[in-house]
Amino acid sequence: MVDAARQPKIDVRAFTEVEKVEGFVGNFKVTLREKAKYVRADRCNGCGACTLACPVEVPNYFEMSLAPRKAAYVPMSQSVPLIYSIDMENCIQCYKCVDACGALEAIDFSQEDKLVEEDIGAIVVATGFSHFDPSVMEEYGYARYPNVITAMEMERLNNSAGPTSGDLIRPSDHESPKTLAFINCVGSRDKRYNPYCSNFCCMYSIKNAVLLKQMNPDVDITIYYMDIRTPSKGYEEFYDRAREMGIHFSQGRPSLITENPETHNLYVHAEDIALGRVTEKEYDMVMLNQAAIPQPDQNHMSSVLNVAQSPGGWFMEYHPKLRPIDSPTDGIFFAGACLGPKDIPSSVAQGSAAAARASRILHSEEWDIEPTVAVVWPDRCSAETKGRACGLCVKACPYGAVKLEGDKAAEIITAKCHGCGGCVAECPEDAITQLHYTDAQILAQMRALLAEKPEEKILAFRCHWCSYGGADLAGTSHFEYTANERGMKVMCSARMDSDFIYEAFRLGAGGVLYSGCHPQDCHYITGQVVGAKRASRLKKTFDRMGMTEGRFRIEWISAAEGDKYARVLNEMQDVLDNIPPEELHEEIERLKPEMSKRLKNFPGVPGVEEAMVYSDKLVKAITSQLEAK
Amino acid sequence: MSHTAGVQTFADEVKAVPGGEHLELCYSCGTCVSKCMIQQKVEPDYNPRRLLRMVMEGMEEAAFTSPTTWLCSECDLCFSACPQEIHISQVIKAVKELAVRAGYTSPLTAVTVNEDLCSGCGICAMVCPYEAPSLYEKEVDGVLDRFSKVDPNKCMGCGTCVAACPLGAIARVGVSNAEITAQFPETPKDAPTMIVFTCDWSLREAEDVALLESYPEDEVNVIHIPCTGRIDPQHALMALDSGVKGVLVCGCKPGECHYKRGTDVASCKIGLLDTMLGQMNLPQKQIRFVQIGTQERGRIREEIDGMLNTLTQSMEAMA
């Protein structure tokens, strides 16, 4: 930290909060609230005279409230920058600190919070994690039994800079404990609280046990665990070392801790899984290894930064495997436990990686983005025409790239748009289009594919990232499937406009496949969700119309599921084969007016009418050419 | 072990019974086993974790004959403790249901109904936490009459119905009225003597049970009953009548009762009895009901010493 603070190009702003983030990659405008410290940073030399003079004592958050601190304080002795601050909530305004500071005149009670706006090129979020409060788990008696402590309290108790100078003592009688139990997975891997594994606690409790055992070999330590997870380099060896040192490991999650009301000793009830027997052992002290949880203000941060959260509340990475530290918004990166529980080596690695990713942006004059971005025709947007915005585009966008303010037409922030086309398909006014995937272009393709004997064809809409890959794999793997399939590619299932599906059936298509990525696998985070909702609405509409089951089909097919792609198409072919041709013809003709009714506004979309005329001409030309041959 | 797709495995069968659904979530942490008191107090081979494993591994026979299948009384201490939120008692119940279908029977001795006394009033069916008693009709001497019958595979033997039956038509082996009253001290001395009715489950710790037994028998006379639901207010009155000065009934904390709601039934009865004593201008606080939680180690000592104190004081006051 000290090194970082000394770096001339690193500007450390302690006690400062991010209020607002606007703009886009390379051009963020960030509003910072520099909170009042009531101490002038340019004058304080960190001598600590104010702390000595201050008569107010409050619980010290850094020491897990095991020790007091003054109202004039630094959070910890290694604070960077070493500038004191006055805790105004607890200050009694006796001004003793002002006297103590003397000629330096660093203390300034008139300071106020300051809002500063900064131009920022890239943002790295490293807001860390918080701790689960085990007092809600009554069975372990934390906060009721004095000798049940948390791992963080243990951390302070055996730290030589901690409140006891590193002497581990029992809170009830200040005696040194001889027997200790550590309980892992307190509040983690527990569906009642946090279902996930907290990642580092296994190693952390082994570390604490080894430290204590090194300081005092007579102390008897038992670690209660469900599974010991040591997946990184050297971790298993460390676990071995702990067992060689005589630390006991007992598999079985304790269900209950009871206390002897006189001695305040604790009894841990657990099943010894190896024996299949319940054990009840007496300990002087119990340490609970509590779960890591998201920061209490993580929701707030996620809305300030406009980044999504994963289930559980952690920030969500762009892609769990391929882009693990990028946020969905270009130019915002994550490092460390704000993404999920993580140990020190992984956090450091992510920090370095995030810095490298960020510097790529800072060193570029230009930034490449997807060419398939969305564009608004402002004169068609309902905000402009009806004076009231529907906001469906904002809801559909996974990236917060749509700007909608007042009665002004929606605007796409091009640098934020990733080109899924969700907003384009959602817009009820057809006021948005997507470059390279305009309605007219897609329509022209459809009409060409369904030009001849459309009732025999199966039009397959595939998303670029998953089901298109699946179809490709089916081909390269030589999986046989029906030759009546006609494939269409769009970037995401979110782009598969209801108009396309209606138009396909109006043109007389025998079957239509609506396919995309599996939920959670979507390249555009939540694009599949938008697509899936629309598809199920369509399915209901077609069911009501009395369309034969299986002519319209929704399937989520990954790029690895070539076999599934082939199977689905063959099944659709079976459906068509099982309808007598005259019945199919009758059904198509019967439903055409229904489809046309729903396509009233479609020809009005810029370019669509021309595309219809043009593709009709083209199709005619090609067919007559073929006939001439 | 069979994993063949399409074949109905034993695990599938259990999951199909309502309650058995979440079986596969179990990761064998053992919380249920150490929370449950049956292994510690009754049957060393009792182990819900292993039963779930047997089901998943298709060990039908072993599951049907396992004591776990038959001894679970659905107290649900494990359900609230299970980190995977598996309703273990309902999984066990599902196994038990399949076992009964397959012709296995409970090893527990169920209560018996004396049809000469039974009036078919149905109170037993109302109080039973397990829906074991039901009424059926039978012709006796040409007259259609109703009687209670108890399903031996459902009865867990708590004795709540025994205490509730107004005609004394139901009996449970070991805790009949005669067997309980026979344990009253014969010649109570003129000192603060008391009887403690304690259920088999409320004192979780062996050391608390030992403590209870360590009082001199003529001072604190301990009578063990399966559940405080078995307590008939008459027992308390007869005890006072026999000359003891106080009666302490010791049951589980509400929500932790081994037989689901026996402790609630007893709480009503004893509370009402104490009020009635007051209305009849008889000294109150001679009969007390305490509900001890699983984490309240050592509380029994406070309760007994407290009651002995009260009794001494009231005796002194009377003298």
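**Exercise 1.** Which domains does the domain assignment of chain B give?

*Solution.* This is a predicted model, in which local features need pLDDT of at least 70, side-chain atom pairs count only at pLDDT 80 or more, and totals for chains, interfaces and linings use all residues. Residues are numbered from 1 along each chain as its sequence is written, and chains are lettered from A and ligands numbered from 1 in the order in which they are written. For chain B, the assignment lists domain 1 (10-101), domain 2 (112-157 + 167-171) and domain 3 (174-318); such bounds come from an automatic or database domain assignment.

**Exercise 2.** Describe how domain 1 of chain B meets domain 3 of chain B.

*Solution.* First, the centres of the two domains, taken over C-alpha atoms, are 33 Å apart. Next, 6 residues of domain 1 of chain B are in contact with 8 residues of domain 3 of chain B (contact: C-beta atoms, placed from the backbone, within 7 Å).

**Exercise 3.** Determine how helix H14 and helix H17 of chain A are arranged.

*Solution.* Begin with the axes, which are lines fitted to C-alpha atoms over the stretch in contact, with angles from 0 to 180 degrees between N-to-C directions. The axes of H14 (residues 498-506) and H17 (residues 581-598) of chain A come within 9 Å and cross at roughly 150°. H14(A) is therefore roughly antiparallel to H17(A) (angles over 145 degrees). Finally, identify the residues: Tyr502(A), Phe505(A) and Arg506(A) of H14(A) meet residues of H17(A), among them Leu591(A) and Met595(A).

**Exercise 4.** How many residues of chain A are in contact with chain B?

*Solution.* There are 22 residues of chain A in contact with 22 residues of chain B.

Definitions and conventions:
Two residues are in contact if their C-beta atoms, placed from the backbone, lie within 7 Å. Helices (H or I, at least four residues) and strands (E, at least two) are DSSP runs, numbered from the N terminus. Angles under 35 degrees count as roughly parallel, over 145 as roughly antiparallel, 65 to 115 as roughly perpendicular and the rest as oblique.
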